[in-house]
Amino acid sequence: MMTALWELRRYPSALVGLALILTLTGVAIYGVIAIPYNEALRLWRGGGDIWIEHPRNAQPEWVNLFPGNNLPKTIILSSREGGTKRVQVESGELKSVQISLGFDYRYDDFPSELNLFFDPKFKERPPHVSLFWLTPDGRRLTLGDRSVGPSERYAVSLDQRLARRLDGNPPEVGLFADPAAPTLQPLKGEYTLLAEGLLFEKGADLDVRLVVYGQVHGLAGTDHLRRDITVALLWGTAVALAFGLLAAVGSSICTLIIAAIGVWYGGWADASIQRVTELNMILPALPILILVGTLYSRSIWVILGIVILLGIFSASIKVYRAIFLQVRESPYIEASRAYGAGNLRIILLYMVPRVIPVLVPGFVTLIPAFVFLEASLAILGLGDPVLPTWGKVLNDAQQNGALYKGYYYWVLGPAVLLMITGLGFAMIGLSMDRIFNPRLREL
Amino acid sequence: MQDEPLLEVRDLHVWFGLRRWGFGHAGVVRAVDGVSFTLRPGEAAAVVGESGSGKSTLAKAILGLNRPAKGQVIFEGKPLDSLKPREMRWYRSQLGYVQQDPYGALPPFMSVRRILGEPLVINKVGSKPEREQRIREALEEVKLTPVEDFLPKFPHMLSGGQQQRVVIARSTIMQPRLLVADEPVSMLDASVRVEILELLQKQQEAHNLLLIYITHDLSTARHFVQRILVMYAAKIVEQASVEQLLDNPLHPYTRALIAAIPEPDPENAATFKDVPPGEPPSLLHPPTGCRFHPRCPAFMKGICDVKEPPDFEPQVGHLVACWLYERGQVES
Amino acid sequence: MKENSLLYAQDLRLYFRTTRGAVQAVDRVSFTMDRRQALAVLGESGCGKSSLARAILRLLPRNVHTYSGELFLNNQDLMSMGEESFRQEVRWSGISLVAQAAMNSLNPVVRVGEQVAEPLEINQHLNRREARDRVRELLQMVGVPEDFLNRYPFELSGGMRQRVVIAMALVADPYLVILDEPTSALDVLTQANIMNVLKRIKEEKSTSFLLITHDIATSSELADQVAVMYAGQLVEVSDAASFFYQPLHPYSRKLMASVPRLRGGEKPEFIPGQPPSLINPPGGCRFANRCPFRFDRCQEDPPLVKVEQERWVKCWLYSADEES
Ligand SMILES: Nc1ncnc2c1ncn2[C@@H]1O[C@H](COP(=O)(O)OP(=O)(O)OP(=O)(O)O)[C@@H](O)[C@H]1O
Ligand SMILES: Nc1ncnc2c1ncn2[C@@H]1O[C@H](COP(=O)(O)OP(=O)(O)OP(=O)(O)O)[C@@H](O)[C@H]1O
Ligand code: SF4
Ligand SMILES: [Mg+2]
Ligand SMILES: [Mg+2]
């Protein structure tokens, strides 16, 4: 067994497959360590303002590596950091505060969104603020006045009146557009957001944060809920590998033992296992899983259990049965009976180990099959309700018409990972088949 | 030699129903059909017969691995079919079994240490260090030394002869009183055969075992046992000591068998062998009367094909199932 | 090269490529066979007997490492023949083969008669009738009853199937039939029957036989000449009468002593030790590690030398005389 595995090194395809799998495992381990379980769940559940500073449906950053692409990244400026803030006592309690948030904009495309977040401190009278937008070509646009309540926010992009003033362009476009250019294109240079506020109370204060949402984000982009898809890909890798491995191990071992039991006892035990298998082979697994998912639970553990259960009575039980029928007749089994081995011992210690070398290559190719199954379930909306997985990313993408709207990257990440998984395990599995199945070796 | 018999086989029948397409019976193979003999402790006996004559089936019935349709195997006066499960376990610990194909007889995924340990573990013998000690002694007895080298090896790392020695070590590790060796050397090279048979003989003598050596090879039987039982078509047709059987074979089948066995002699090339015509009968529909009668040169019409010959004893200790000896006469 | 010999082999080699190195299954094998003779090749399992048959018939597996030497059939150089002409002129019509366990590889769905007739119809272009008559004649010669012609192989006993396979080898009237372990799976009586059949064929049809077997006693039934093979090499080639009377090579002697005899004789002895691996076999005499007569010289490879009329031995015990 060990020597057989050692022989794998002579098959380049196995090495490539192994490299792929090891990479995936590395990714999974990194993901699990970098983002602890609870953190991952919290992130993926979203809610609160966890993702508020992330752009919606942004592409991955690496698209800028393609020539001709220079899409904006997200720019975040705050009066506490990066901006300037001056406070002046006007008279008595009244203070004025002048906040200037300046940034250099050098991208070829417009931002995807603009948001202003206020962080005032007051007891009774909220501060009042006037907002101005200074463009590189010296224009000064008034964005309006407002009194700033607690955690007030100004969604610039949603300001319809502003849009109308900007020739009907959405604010994130209009504010950056070059008025001299014949077509809509951003004007590059220093922009500044000016916030002039009045504080009415002693101890009152005001801070402002400007988020100029880009069109690219992170390694994998973001989804419709501004969530960083990378999180799902990292954790999805761990979930997929664990699910595939557990399902494959669980179902293979159970199948093996049940097949051995059927063959050893024969008679009605064998017959009923056969019938159950046949029944199970006619019944399609997917609808059963859908039924369980919709009616009972979508927890990945429940689904794993059902998958293993359905996997036990699969076509492979017939294959193992055929092998066990031969093993049962082998002289060493007869010898073990002669020196008094009991039924259970014969099944577990004499029959099952004999078949494991036959099982290994098939087992290796079974793993991706279960990974795909889990993904398919998630795509159908039956993914685990809390865990981030590849399938759920795909499910989101599909529900939001990702391909139709051109959000190819949304599908790309999980699809590539699924393919790598399939490819990696298949390459190892095929090489193993050659080693364990000497008749193929000459090929 | 006047011990009580250790093993008695009494009118043993083992039949296999042949099933057709899973329904109904296509017939019954009478693989062992009325076999009786008695053997004493410390005796070495050979069952000699052609392929398909029922030797292995007989062995398995003695080992309690298949169920007789009729008749009994009696060990130390206790019929096997009356043993309770616990007694059966005891009986199994009194038995050793050496099979034909040494490689197949060893689980390929177990090391020699584990293979030899299994019978001890199963029969709950001793503590772990005691078992290890027994395993080492067993390997030394079959001359697989240095023991350390062999303990961790797997069957495929051993030659056929070494594998068979492991099988023998396993079969004697429980210190049984009966050893059944079913064609223990037929898969081995001629140069190794003798070595293995000598080993079996040594074990048999050292532990005062009753050895049942099953073979199709009369020439090896001659050198390693004292008593020979000749089997033809599911029946024992002649039993006698080696000297009686070879010097004075009585049954026409035994005579034909002995005549057909060649020696390395250049004269052979010049002569044709005298071989009875035909082939052994099907055990589905064996001939009536004496089963050898269609091939027998001494066939007596009206007798041999009508009634089955019982065992006659024309000489003391020489049993033969042939009508020629009805009146006890012995041809020379 | 000996004129007028039937088969002449000189320095024949057949090595197989494996991951652990070249298996020297047939290593510098030389012998001569005369017409109407039977040569028995004796040796333990794995010593290269079947590989020798393959080398003679050029039935090479894909992993051949080396295939060289001289081979003449009726003074015709076989090694220089093209694959196609070898197949047409030599295989089956010149030399045919009863392969090891061939009786278990008969086509289970073709009737016995048709199976024997097939090579006739294909190679000899006989029509159905002629072929059938010829098959009937052949089967009768090997002792298969006529009504077996229409049976399927599984309906026949092992002995009958072996006869059918022998008939197939005789169908093209070859000069030489190679029999690879033709009786080792059969019972004593059947074995005696088959040997009778072979003897009769040898007498009546003057066919030559190359009989490969590990069973010395059975080989004596047919052999005029004996070749003992050990670890891929011939260590003794001798006429049968002198060989069975007194084998010379230490291995041959040991082999003979290991045969259990039914009549007279002593108890058989075994040969301690194991044959060497055919991958990187030891230099010098390959039997040295098991040989009771080993001495210094045995570290060198002994040549196969003629020690008597019709007797060659590959052992320093005998070469020494020659030189002195
Ligand atoms: N389980 C079985 N079911 C049906 N028939 C069987 C079974 N076992 C043995 N037989 C038949 O019983 C007969 C005797 O078989 P057995 O194996 O005892 O012969 P044997 O003398 O040991 O032969 P061999 O020398 O080939 O081992 C054969 O005809 C065989 O086909
Ligand atoms: N195609 C092959 N590739 C590699 N090794 C081979 C091949 N065929 C045979 N051998 C090896 O060559 C050696 C000689 O084999 P061969 O079959 O000629 O032996 P043999 O004398 O006929 O043995 P047996 O009596 O068991 O039939 C063996 O060690 C065998 O393992
Ligand atoms: S009983 Fe009759 S047929 Fe049978 S062996 Fe004796 S003589 Fe021959
Ligand atoms: Mg048998
Ligand atoms: Mg061979």
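**Notebook: strands, salt bridges and a ligand shell**

I started in chain C, where β1(C) and strand β4 (residues 64-73) pair in the antiparallel sense over 8 bridges. Two strands count as paired if DSSP finds at least two bridges between them. Helices (H or I, at least four residues) and strands (E, at least two) are DSSP runs, numbered from the N terminus.

A note on the source: this is a predicted model, in which local features need pLDDT of at least 70 and side-chain atom pairs count only at pLDDT 80 or more, while totals for chains, interfaces and linings use all residues. Residues are numbered from 1 along each chain as its sequence is written, chains are lettered from A and ligands numbered from 1 in the order in which they are written, and side-chain values use heavy atoms, with hydrogens and water left out.

**Entry 1: around β1 of chain C**

I looked up the facing residues next. C:Leu14 stands opposite C:Tyr67 in β4(C), and C:Leu14 also stands opposite C:Val26 in β2(C). Strand β1 (residues 7-18) of chain C runs antiparallel to strand β2 (residues 21-33) of chain C, with 9 bridges between them. The hairpin from β1(C) to β2(C) passes through 2 residues.

**Entry 2: the open sheet of chain C**

Here I found 8 strands in an open sheet with mixed pairing, ordered β6-β7-β8-β3-β9-β10-β12-β11 (chain C). Which strands stand at the edges? They are β6 (95-98) and β11 (305-308) of chain C; each has a single partner strand, so one side of each is left without a neighbour in the sheet. From one strand to the next, the twist averages 20 degrees.

Helix α9 (residues 250-257) of chain C packs on this sheet and touches β9 (225-230) and β10 (233-239) of chain C, contact meaning heavy atoms within 4.5 Å. The direction of α9 makes about 100 degrees with that of β9(C). Axes are lines fitted to C-alpha atoms, for helices over the stretch in contact, and angles run from 0 to 180 degrees between N-to-C directions.

I also checked β7 (residues 176-180) and β8 (residues 208-213) of chain C, which run parallel and are joined by 5 bridges. In that pair, C:Val177 stands opposite C:Phe209.

**Entry 3: salt bridges**

How many salt bridges does the structure hold over all chains? I noted 51, each a side-chain nitrogen of Lys or Arg within 4 Å of a carboxyl oxygen of Asp or Glu.

In chain A, A:Asp207 pairs with A:Arg80, with the closest N and O atoms 3.2 Å apart. The two are 127 residues apart, A:Asp207 in strand β9 and A:Arg80 in the loop between β1 and β2 of chain A. A:Asp207 is buried at 8% relative accessible area, whereas A:Arg80 is exposed at 56% (buried is under 20%, exposed over 50%, partly exposed in between; 1.4 Å probe, protein chains only).

A:Arg226 and A:Glu113 form another salt bridge, at 2.9 Å from N to O, and both residues are buried.

I then turned to A:Asp270 and A:Arg321, whose closest N and O atoms are 2.7 Å apart in their salt bridge. A:Asp270 lies in helix α7 and A:Arg321 in helix α10 of chain A, so the pair ties together parts that are 51 residues apart in sequence.

**Entry 4: ligand 3**

Last, I listed residues around ligand 3 (one heavy atom within 4 Å); among them are B:His251, B:His293, B:Cys290 and B:Trp323. The shell has 9 nonpolar, 2 polar and no charged residues. Ala, Val, Leu, Ile, Met, Phe, Trp, Tyr, Cys and Pro count as nonpolar, Asp, Glu, Lys and Arg as charged, and the others, Gly among them, as polar.
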